[in-house]
Structures are given as C-alpha cells and as structure tokens.
Amino acid sequence: MERFVIQGNTRVHGEIAISGSKNAALPILAAVLLCDGATVVDNLPQLQDVATSLELLGSLGVELGMAGTRRLEANPRQVHSLTAPYELVRKMRASILVLGPMLTRFGEANVSFPGGCAIGSRPVDIHLQGLRALGASIEIEDGFIRATVDGRLHGTTICMPMVSVGATENLMMAAALAKGTTRLENAACEPEISDLANCLNAWGARVTGAGTQTIVIEGVERMPGGYFRVMPDRIETGTYLAAAAATRGSIRVTDADPSTLEQVLQTLRATGAYVALGADWISLDMQGRRPLAVDLVTAPYPGFPTDMQAQLTVVNAVADGVGRVTETIFENRFMQIQELRRMGADIVIDANTATVKGVNRLKGTRVLASDLRASASLIIAALAADGETCIDDIHYVDRGYECIEAKLHQLGVQIIRMTSE
Ligand code: UD1
C-alpha cells in the first residue's frame, strides 16, 4: 500500500505547468482505433489511466511507440483482437470508450461490462441505446457487451435522455465512420468533447457543433489519422488553484486554458481570491487571507464540474462562514467528507447537499483516500491542517495527477510517498 505523508500549515506558493487532460486523452486514445493510418497524440499526460488505455490498445494489436515522454505514435493497422477484457475495464471504467470505435471500424466489439464504482452505479445504458439506434445488435452475455453490425452503422438522430460525457464521446466516434449523417441531441458540452471533435476532424472525420447541445457527424468512409495535441487538464488546474485558496497562498499555473474554467474561477473569486489570467496562464493570490465560504451546485458544463466538488468542499471546510455544496451528477460523491470530519471539519450531509461550516484550523491525522478527486481533496486538507497527515491508499491520485509530488514540491510543500505491505 502507498501513502502520502504531508506536513501541514503550508501556504502553497509558486508556479507549476499544467499537464495534458486525462479526460480528453482517454477518448482520444480510443479514437486511434477509428483510423487506418498512423496517428500521433501529443501532450499525453503520464498517468495510470493513460497507461491502462495503452495496455488496452496494445492488447488489441495497436502498434504503439513513445517519442519522448509525451508524444505517442500509434498505428492500428494490425488489430487482431476485438475484446476489451475484464482485467482492464475493471481498472478503468473509461475502457468502455473503445466500444463505439471498434464496432464502427471492425463491425464487432466485445467489452467487459463495467461494474459499479466508488462514486456511484454509473450505468452505460445511454451508450448502448445510442449504438442500437445506429444499427448495432447488442447482447449482454457472460458479463460482456457484445456488439455487432452487418456492414456499416447508419447515421440517425439520437436524443440522449440525460447528459453523459462518455455516451456523447462513444456515439460521436461510432458515428464518425457510419453511413450518412448523425445528429446527437442533448449532447454533453464539456471542453473534452470539443477536444475529441477537433481530434476526429484532424484525423479525417466531419464533426460540427461540438461544445453545443447538438453535434452533427457526417460519416466518412475512412479516417487516415494524423497529429493531435491534447488540451490542458482543467481539473488539474482547478485542483492546484483550490489548494492555494485553501492555504491562503498564491500560485501561477502555466500551459493552462482559462477559457475552460469559467465557473471554477468565478467560484474561487467568490472566496476572496484575486484571480488574473492570460491566454495560457492563471494566477490566484489570497494575499494571506482566509477564504470566504461559497455555495455551489455541480452541473454539466458550463456548470460547476463535479470533478472539482471535493476540492471546493475543503476550501469551505477552512473558510469563514457556511457553504452549501450540492452534488447533482453522481449519487455517492461525498466519501471524502467522513475523512475530513476526522480532521476536524464541521460538515453535515442531507441527501445530496453538504452544509460546510468553516473551522479555523483542521488537524492532521491518518485518513483514507477513496477515489481520484477525494484523494486530491484530502491532500489540500492536509496542507491546510495543523501537523502531519498520513493519507492511505493514495494510488488513486496517480490515475489523474501527473508528477503530483514534484509539482507540490515546486509549490513549497513537504510531501513524501511511502510504500508498505
Ligand atoms: C466523465 C468523466 C468524469 C466526470 C463525468 C461527469 C471521463 C473519463 N470521465 O465520466 O471524470 O466526473 O464525466 O462530468 O471523461 N449515466 C447514465 N447512463 C449512461 C451514462 C451515464 O445513467 O449510460 C449517468 C451517470 O451514472 C452519471 C451521469 O450520467 O450519473 C453522468 O455521467 P457521465 O457524464 O457519463 O460520466 P462519465 O462519462 O462516466
């Protein structure tokens, strides 16, 4: 087991560079399967989830090579397997994103059914309904989703019953090689959807409207491949900004995209932070002051991202006043709260709302990480706490934060990773 030992009472201070986006990279890696020629994916973050995606592509027969640490060269000309096995899907739910590309390109796809996960049941019904509407036959057999199509998928209009990032991505990729035009209605508008659309277009697809609720995909017969550079990670950006806000610190992040963080920046400004930005950088300065409590409600983009909820809950936990945090996307995303309480936070949960009464100081202790963003929030809490905090099961954080210890060291934080049986 791995744990972080973090010294508290630390004001985050300094400058770091933001990595490529995990949530953009994962569908883009799945999109490699759509092409019949070589693709280059640049600005790929070095993360556990990216490693799992590469393992999956490799197991299907995609030829993979890294040029340096961030540039992947991939060629799917020798795909020999159309099965995403349980061992990989279990490790990373986003493996479901190969379903649409494999099916549309090869006429068949077998993907192990993703189980529940820590933050909620997360079904895939919208993905499957959409693929059926495009003409796929889908059976659930022995824990596998087995999808087939005779010839090509057929473009149609699909109105998704609720906003789903993953379903929008899977269907957009499936439609890219379908016959005719597909309209995806009630599509997710997240910046990662636009990044995927830009990538598909760079590789030969015809997608318009990404970033709005209606995406139109004119199917093409083939996608030759090409080059694409992954967008900056907006959640990593927001996490470091929140760390500075909670610790009364100041930070400058570079290689970022401020245009993808409007709600988060507005919320951080409401805590009393001075926020300035340029084309690819953001600075946040608390000028040594305690943050003010803020209310927030998570919602699909352009609303406040659920992936930033846990981090802002910690800002509220040490803020002046009472903040109400309402989670509307996932049903079980307050798991970090019982650990925060053990650090002295005053938080009451009623259904999907947490009422957070800021305390003057949290107190370092031993806590347990339960998922990716919960881990990030515990790290922020540890920095703002008095004394030392030990966070067990920290491996979750490696799924989504590249070089987190090195970046925190750059910001003046004392953090050590310890490994034990
Ligand atoms: C993606 C992100 C994740 C983020 C989430 C919401 C990736 C790899 N992950 O996850 O970090 O927290 O968007 O912004 O990009 N749902 C259904 N049926 C479906 C699909 C989804 O009911 O077929 C529900 C889910 O249970 C959830 C909601 O829709 O309650 C939103 O989920 P979705 O947007 O699909 O999240 P992911 O794509 O899994």
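The model is predicted, so local features need pLDDT of at least 70 and side-chain atom pairs count only at pLDDT 80 or more, while totals for chains, interfaces and linings use all residues. Residues are numbered from 1 along each chain as its sequence is written, and side-chain values use heavy atoms, leaving out hydrogens and water.

Let us begin with the strands; these (E, at least two residues) and the helices (H or I, at least four) are DSSP runs numbered from the N terminus. Strand β9 (residues 144-148) pairs with strand β7 (residues 108-112) in the antiparallel sense, over 5 bridges; two strands pair if DSSP finds at least two bridges between them. Look for Asn 110, whose bridge partner in β9 is Arg 146. Strand β8 (residues 137-141) also runs antiparallel to β9, joined by 5 bridges, and here Ile 138 stands opposite Ala 147 of β9. The hairpin of β8 and β9 has 2 residues between the strands, and in it Asp 142 takes a positive phi near 50°.

Now turn to the helices. Helix α8 (residues 234-246) packs with helix α12 (residues 372-384) at an angle of about 25°, their axes 9 Å apart. Axes are lines fitted to C-alpha atoms, for helices over the stretch in contact, and angles between N-to-C directions run from 0 to 180 degrees. α8 is therefore roughly parallel to α12, a label for angles under 35 degrees. Residues in contact (heavy atoms within 4.5 Å) include Ile 235 and Thr 239 of α8, and Arg 373 and Ile 380 of α12.

Note on methods. Angles under 35 degrees count as roughly parallel, over 145 as roughly antiparallel, 65 to 115 as roughly perpendicular and the rest as oblique.
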